[in-house]
Amino acid sequence: MADLLRQTQARNGTVYVAGNGGSAANAAHMAAHLADAGIRAIDLMGVTSLVSARANDYSYENALWLSVHKTMGANDCVMVFSVSGRSSNIRTLLDHAREEKVPIIAIYGSAAEIRADAGVALDSRHYGAVEDAHSFILHALAEMLRPSRA
């Protein structure tokens, strides 16, 4: 995962980070750590006016994808945090990212079936345990990406 994030940085790309609920909080936290490491990152759920406008005007399912479809390209990366992997907005974002050949990093629970270029499948369906593991993983990644360690 750290290598793919560094490759995105080397390509001058952006990491688009997303999740829902507690996973959205972890995604926002990850975006902050990426920025601290000098990696351009956008927390998609943090752009509430844009996401809510897309959800209202089109559909919740397409809200994330429509928020990035004109700016995201092959130099970029999508990183998702999910417990179930079944949220339609996350699935649509990932489907389109794959079509556009955008690398995907996924950190998710065992109930999810997510195809990703890098990631971690956590052997649990317990939301709290998976979200706690998300937090541990994002902090481990942040430590690996710190400029003094890169």
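Mentor: Let us start with accessibility: a residue is called buried under 20% relative accessible area, exposed over 50%, and partly exposed in between, with a 1.4 Å probe and protein chains only. The model is predicted, so local features need pLDDT of at least 70 and side-chain atom pairs count only at pLDDT 80 or more, while totals for chains, interfaces and linings use all residues. Residues are numbered from 1 along each chain as its sequence is written, and side-chain values use heavy atoms, with hydrogens and water left out.

Trainee: Why does N12 count as exposed?

Mentor: N12 has 56% relative accessibility, and the term requires a value over 50%, so N12 counts as exposed. N12 lies in the loop between α1 and β1, where helices (H or I, at least four residues) and strands (E, at least two) are DSSP runs numbered from the N terminus. Its phi is near 60 degrees, a positive value in a residue other than glycine.

Trainee: What makes K101 exposed?

Mentor: The relative accessible area of K101 is 67%, which is over 50%, and K101 is therefore exposed. K101 is located in the loop between α5 and β4, and its phi is positive, at about 60 degrees, although K101 is not a glycine.

Trainee: How do you know that M72 is buried or exposed, and what does M72 touch?

Mentor: At 8% relative accessibility M72 falls under 20%, so M72 counts as buried. M72 belongs to the loop between α4 and β3, and, not counting residues up to four places away in sequence, M72 touches Y16, W65, V78, A97 and V102, contact meaning heavy atoms within 4.5 Å.

Trainee: Which class does S23 of helix α2 fall into, and why?

Mentor: S23, in helix α2 (residues 22-36), has a relative accessible area of 3%, which is under 20%, and S23 is therefore buried. Leaving aside neighbours within four places in sequence, S23 is in contact with F81, S82, V83, E131 and H134.

Trainee: Why are α3 and α4 called oblique to each other?

Mentor: Helix α3 (residues 48-57) and helix α4 (residues 60-68) pack at about 130 degrees with their axes 7 Å apart; axes are lines fitted to C-alpha atoms, for helices over the stretch in contact, and angles run from 0 to 180 degrees between N-to-C directions. Angles under 35 degrees count as roughly parallel, over 145 as roughly antiparallel, 65 to 115 as roughly perpendicular and the rest as oblique. The angle of about 130 degrees belongs to the rest, and α3 and α4 are therefore oblique. The contact is made by L50, V51, R54 and A55 of α3 and Y60, A63, L64, L66 and S67 of α4.

Trainee: Which residues of α4 are buried, and what do they pack against?

Mentor: A63, L64, W65, L66, S67 and V68 are buried in α4, and the buried residues of this helix pack against β1, α3 and α5.

Trainee: What makes β2 and β5 edge strands in the sheet?

Mentor: Five strands form an open sheet in the order β2-β1-β3-β4-β5, with parallel pairing, and two strands pair if DSSP finds at least two bridges between them. β2 (41-43) and β5 (118-122) each have a single partner strand, so one side of each is left without a neighbour in the sheet. The twist averages 10 degrees from one strand to the next.

Trainee: How do you know that β1 and β3 pair?

Mentor: Strand β1 (residues 15-18) and strand β3 (residues 77-82) share four bridges in the parallel sense, against a requirement of at least two. Helix α5 (residues 88-99) packs on the sheet, touching β1, β3 and β4, and its direction makes about 155 degrees with that of β3.
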